[in-house]
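Hello,

Here is the structure I promised to pass on.

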Amino acid sequence: MTTRREFLKIAGVATTTMVLPAQASNGPHLDSERFGVLADLTLCIGCRKCEWACAGANELSSYPIEYYDDTCVFEKYRRPTTTEYTVVNRFPASETSVQTDAKVQCMHCEHPACVSACIVGALQKDPMGPVTYDADKCIGCRYCMVACTFQVPAYEYLNATTPQVRKCTLCSDKTLNGSGKPACVEICPREALTFGKRSELLKIAEQRIRRNPDRYIDHVYGEKEAGGTSWMMISGTDFKELKFPEVGDESPAVVTETIQHGIFRGFSGPLMLLGLLGATMKAMKKDPSDG
Amino acid sequence: MANTRPAPLNTGVPFLTKGTWVLIILAVSGISVLIARLFFGLSFVTNLDDQYPWGIWIAIDVATGVALAAGGFTTAFLAHVIHAHRYHALVRPALLTAMFGYTFAALGVCVDLGRYYNIWHVMLPSMWQGNSVLFEVGICVMMYVTVLYIEFLPIVCERFCGRVNLPGIFAKLNKPVDNLLHFLQRIMHKFISFFILAGVVLSCAHQSSLGSLMVIAPGKVHQLWHSPVLPLLFLLSAFASGLAMATFESLVAAKAFGLKPEIHILRRLGRFIPILLIVYFGAKLIDLVNRDVLPLLLENSVQSIMFWIEITVGIVAPTILLLSEKIRQNPATLLFSVSLVVFGIIINRVNVFIIAYKPLYADKIYVPAWTEVLLTVGFMSILILLYRTYVFIFPILEMEEQGSDV
């Protein structure tokens, strides 16, 4: 009967260890000096110059600047695509709101679900802010697109051999080495976009709302959404009407990372199960000589 | 009862039948879709877009395929871990289905991957991404496929030890190959227990992690399914699925190959299925109550209808049926009951990955392209053909003892 006693002992140890508290996830390392962009939608006039500058900076297309004068595009709500990392949508005035133009692009989350989901670490959160993508690592599973809280990444489905996930880079080639601002910020004729330290931008946003409470609704979109984002918006129209998703203050990655780490940290869960099953296997062996 | 033991199929059923030809045609069609995908890209053969990055190749080929291949680890657990020897007859067929099921789930992923040639990145420690649920699924499935092939080795040894007879110029290799098989047989005898245990652990790990996959998209997955306990629900349903599939396969194989249904084993195994289903259903119910989403059951939507189908046809009905000894004793009614369980599992996985998935900015809903369906059907056909081939060659199914060997 020794085997049975052994089995019970191991089973006991295994169960006690299994109920130990799971370690919650803290998200990626962030620099306190990290930057971001503040978009003041009340200043945006929908000139789409940012779309043109973005296409040029990222070598996405080479339409002349006049091409972007066309306001017909506002008839349909648009989303970023593989060749347009940013698009401006126009929302006509309604009984409760004024006409608003709203730029859409990757929000560069502080704790991005896409980075947490990426199977090979092709997507990374830079401590300074940008969520970067390394196509050479990517296996093309598109789990980032499933995970993205804001439904931003676009995929090159037409490309049979080397498709990439495409999204705003926050012009990380310039912004990370301090040689410049994002192309959209640089070109904006109305200075609706402000590039700077995220903590400073938050202060500016709150200041503008405080000084002009009639002009703005009291909400900095991106301050807390999904755990905070590098891009933040202030507006005179409710963000729900501008088709920005209503998301909680916690990154969805927190839940999945807590589950994952709870079960798999140090392979403790699987190893305990292995031990438990091994003990069962031994204890329940119907060997006549074992008594 | 006649003495039986596993042996290559010897009932006189021909390998090629009308049905086999249909499967071959479907298999070839599926492969042509695969070739088209390789040359012309995903957009050419799928209806996937930026709103719906995952379609039936993930929902059915991978998620459902893996759930239905759960017979491998559940029967291994019964027969080898808790030594319920009477279920031995089910282990080999289930192992074979699991082996091919996982192989094709992995192939399904590769077809769906934009950069399939980078799949090996998942094995590179420098690219390991411990936060990713998909990484956990990927690495576990890769290891489990390996374990399954290792678990199959003893069957190869048993069949060919002392009988290696290679054709033509390869005849010279007969002796070395035979030695190798004998060597493997000795080694495997020592380590097989470890691999069986590892297989059960790896299965529990990735069956549950498959459920965690959609937890990261709370805004897009319908509240009837989106829950932090999805991994637990996937694991619990995989247990029921495994036993139901083992029963299903055994009965279908008996029919297809002219064997006597192993009803004396299956009716005992069948007792466990309603228990597992009740546990699964209970967990599902508690979760719904906990999350306060019961009112959604009365919502007039495709989602709520699909949820009702999932629980009534796939869980409640087979539970009631299988609780009856009379129904479990009759091969026809038993087959019908376990088919409902299998159907319920398929519907559940499709629900979680496709029906429940509501992207934020979709202007149309995802319906698979005919080519997507054809590839899925083609892969399933290849799987069945391989199973058929293997039971003709290897000692998988229980045959009545015969005087002379094959």
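Glu246(A) counts as exposed, because its relative accessibility is 65% (exposed means over 50% relative accessible area, buried under 20%, partly exposed in between; 1.4 Å probe, protein chains only).

Some ground rules. The model is predicted, so local features need pLDDT of at least 70 and side-chain atom pairs count only at pLDDT 80 or more, while totals for chains, interfaces and linings use all residues. Residues are numbered from 1 along each chain as its sequence is written, chains are lettered from A and ligands numbered from 1 in the order in which they are written, and side-chain values use heavy atoms, with hydrogens and water left out.

Salt bridges

The whole structure holds 19 salt bridges over all chains. One of them joins Arg48(A) to Glu51(A), at 3.1 Å from N to O. Both residues are buried.

Another connects Lys49(A) with Asp69(A), at 4.0 Å from N to O. This pair links distant parts of the chain, 20 residues apart. Lys49(A) sits in helix α2 (residues 49-57) of chain A. Asp69(A) lies in the loop between α2 and β2 (87-91) of chain A. Helices here are DSSP runs (H or I, at least four residues), as are strands (E, at least two), numbered from the N terminus. Why does Lys49(A) count as partly exposed? Because its relative accessible area is 23%. Asp69(A) is partly exposed as well, at 48%.

The sheet

Which strands make up the open sheet? The order is β8-β1-β9 (chain A), with mixed pairing (two strands pair if DSSP finds at least two bridges between them). β8 (193-197) and β9 (231-234) of chain A are the edge strands, each pairing on one side only. From one strand to the next, the twist averages 25°.

β1 (residues 35-40) of chain A runs antiparallel to β8(A), and five bridges join the two. Phe35(A) has Lys197(A) as its bridge partner in β8(A). Helix α7 (residues 198-211) of chain A packs on the sheet and touches β1, β8 and β9 of chain A (contact means heavy atoms within 4.5 Å). The direction of α7 makes about 135° with that of β8(A). Axes are lines fitted to C-alpha atoms, for helices over the stretch in contact, and angles run from 0 to 180 degrees between N-to-C directions.

Best wishes

Note on methods. A salt bridge is a side-chain nitrogen of Lys or Arg within 4 Å of a carboxyl oxygen of Asp or Glu.
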